[in-house]
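Visitor: I would like to go through this structure with you. Could we begin with the overall fold and then turn to individual residues?

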Amino acid sequence: MRNSCKVDELAFWSSDQSANIVDIYNSGVPFDLSTESPSNWWRMGDEDTYPTLSDEVGGTALTMNGMTSSSIVNDVP
């Protein structure tokens, strides 16, 4: 049996974001994280084209592995 998880709105920062945690999580509602200045931010499907996941702010694209085009779902928190 394989364990799986679902990831949406993956972002990395180069500084401590503890003071912004409420804004970042936004009660589970998708939020424009670019206002919080992450180093990288992948929306994980929103406006992406299989198999590439675009980095909204940093320019480092990711390639989906072990997934299909039906794995892309828009605005799912």
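**Fold and selected residues**

Guide: The secondary structure of the protein chain consists of 1 helix and 4 strands. Please note that this is a predicted model. Along the sequence, the elements follow the pattern β-α-β-β-β.

Visitor: What does the C-alpha trace span along its principal axes?

Guide: The span of the C-alpha trace is about 35 × 30 × 20 Å.

Visitor: And how many residues are in the chain, and what percentage of them is buried?

Guide: The chain has 77 residues, and 23% of them are buried. The accessible surface comes to about 5,600 Å², with carbon and sulfur atoms supplying 50% of it. As for contacts with a separation of 6 or more, 41% are between residues 24 or more positions apart.

Visitor: Let us go to aromatics. How many aromatic pairs does a search of the whole structure find?

Guide: The search finds 1 aromatic pair. The partners are Phe-12 and Trp-42, whose ring centres are 5.7 Å apart and whose planes are at 80 degrees, so the arrangement is edge-to-face.

Visitor: Why is that edge-to-face?

Guide: The angle decides the matter: planes over 60 degrees apart count as edge-to-face, and here the planes are at 80 degrees.

Visitor: Is Trp-42 buried or exposed?

Guide: Trp-42 is buried, with a relative accessible area of 5%. Phe-12, by contrast, is partly exposed at 43%.

Visitor: Now charges. How many salt bridges does the structure hold?

Guide: The structure holds 1 salt bridge. Arg-43 forms it with Glu-9, and the closest N and O atoms are 3.5 Å apart. Arg-43 is in the loop between strand 2 and strand 3 (52–53), while Glu-9 is in the segment before strand 1, so the bridge ties together parts 34 residues apart in sequence.

Visitor: Are those two buried or exposed?

Guide: Both Arg-43 and Glu-9 are buried.

Visitor: What about Glu-36, and which side chain of opposite charge is nearest to it?

Guide: Glu-36 is buried as well, yet it has no salt bridge. The nearest side chain of opposite charge is that of Arg-43, at 14 Å. Glu-36 lies in the loop between helix 1 and strand 2.

Visitor: What is Glu-36 in contact with, leaving aside its neighbours within four places in sequence?

Guide: Its contacts beyond those neighbours are Trp-13, Gln-17, Asn-20, Asp-23, Ile-24 and Phe-31.

Visitor: Changing topic to backbone geometry: which residues does the cis peptide bond join?

Guide: The cis bond joins Tyr-50 and Pro-51, with omega about 5 degrees. Pro-51 lies in the loop between strand 2 and strand 3.

Visitor: And what is phi for Asn-26?

Guide: Phi of Asn-26 is near 45 degrees, a positive value in a residue other than glycine. Asn-26 is in the loop between helix 1 and strand 2, and its relative accessibility of 27% counts as partly exposed.

Visitor: What about Ser-37?

Guide: Ser-37 is not a glycine either, and has a positive phi of about 55 degrees. Ser-37 also lies in the loop between helix 1 and strand 2. This serine is exposed, at a relative accessible area of 56%.

Visitor: Back to the surface, then. Which residues form the nonpolar patch?

Guide: Ile-21, Val-22 and Tyr-25 form the patch, and together they have about 350 Å² of accessible area. Ile-21 is located in helix 1 (residues 21–25) and is partly exposed, at 41%.

Visitor: How far is the C-alpha atom of Leu-53 from that of Ser-34?

Guide: The two C-alpha atoms are separated by 16 Å, and the residues are 19 residues apart along the chain.

Key
Residues numbered from 1 in each chain as written. Predicted model: local features only at pLDDT ≥ 70, side-chain atom pairs only at ≥ 80, totals over all residues. Heavy atoms only, no water. Phe/Tyr/Trp six-rings, centres within 6.5 Å; stacked < 30°, edge-to-face > 60°. Buried < 20%, exposed > 50% of the residue type's maximum accessible area, 1.4 Å probe, protein only. Patch = residues over 30% accessible without salt bridge, like charges linked within 9 Å, V, L, I, M, F, W, Y side chains within 5 Å. Areas by Shrake-Rupley, 256 points an atom, 1.4 Å probe, with all protein chains shown as cover. Salt bridge = Lys/Arg side-chain N within 4 Å of Asp/Glu carboxyl O. Helix = DSSP H or I, 4+ residues; strand = E, 2+ residues; numbered from the N terminus. Lys, Arg positive; Asp, Glu negative; His and termini not counted. Contact = heavy atoms within 4.5 Å.
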